[in-house]
Amino acid sequence: MSVGHTAVTAQLGGQAAAQEAGPCGDDDCGIRDVLDRLGDRWTVLVVVELAKGVRRFRELQRAIPGISQRMLTLTTRRLCRDGLVERTAYPTIPPQVEYRLTPMGHSLAEAVASLADWSRDHKDAIAASRARWDAERTG
């Protein structure tokens, strides 16, 4: 913590501490890390595809339009690092690699499915709200 930060916190007392608490209260619940991971372009699509079952690398690539080999590699590595995906390499020629969701990955897939359901349920209302907003501001 910087000296300037400490001085400001001391001057404001509890007010600064309350403002810094964030969405999880006083603890670091990790929401920023999760949103960073889910907010990238490909993670949710990979998780949704793997929720359907075990996939080989090329199957994943074919199932996700527009993803490059490099981006799929980076995304699956990150998901493995986070403990959401398990990678199994078989010693064949050419090597076969399979990906599957871990139990934690399946719980994320359930949350993503809930968000997709919410989005589907509210799609028309959001579109109508946007149209009203735009009409009011463009006159």
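What does the accessible surface of the protein come to, and what share of it belongs to carbon and sulfur atoms? I get about 10,100 Å², with 55% belonging to carbon and sulfur atoms; the areas are Shrake-Rupley with a 1.4 Å probe, and for residues only the protein chains shown count as cover.

Ground rules for myself. This is a predicted model, so local features need pLDDT of at least 70 and side-chain atom pairs count only at pLDDT 80 or more, while totals for chains, interfaces and linings use all residues. Numbering runs from 1 along each chain as its sequence is written, and side-chain values use heavy atoms, with hydrogens and water left out.

**Overall layout**

I looked up the secondary structure and found 7 helices and 3 strands; these are DSSP runs numbered from the N terminus, helices being H or I with at least four residues and strands E with at least two. In sequence order the pattern reads α-α-α-α-β-α-α-β-β-α.

I then checked burial: 22% of the 139 residues are buried (buried is under 20% relative accessible area, exposed over 50%, partly exposed in between, 1.4 Å probe, protein chains only). For contacts (heavy atoms within 4.5 Å), I took residues at least 6 apart in sequence, and 42% of those contacts join residues at least 24 apart.

**Helix H6**

I tested the length of H6, residues 69–81. Its 13 residues should span 18 Å at 1.5 Å a residue, and the end C-alpha atoms are 18 Å apart, which agrees; the expected span is 1.5 Å times one less than the number of residues.

Next I asked which residues of H6 are buried. They are Leu72, Thr75, Thr76 and Leu79. Down the axis of H6 they fall within an arc of 95 degrees, so they line one face of the helix (the arc is that of the directions from the helix axis to the C-beta atoms).

The face turned away from the buried side carries exposed Arg70, Arg77 and Arg81. Cover for the buried residues includes helices H3 (31–38), H4 (43–50) and H5 (57–63), along with strands S2 (85–90) and S3 (96–101). Just after H6, I noted Gly83 with a positive phi of about 85 degrees.

**Rings**

I searched for aromatic pairs (Phe, Tyr and six-membered Trp ring centres within 6.5 Å; planes under 30 degrees apart are stacked, over 60 edge-to-face, the rest tilted) and got 1. Phe57 and Tyr99 form a tilted pair, 6.4 Å centre to centre with 50 degrees between the planes. Phe57 sits in helix H5 and Tyr99 in strand S3, 42 residues apart, and both are buried.
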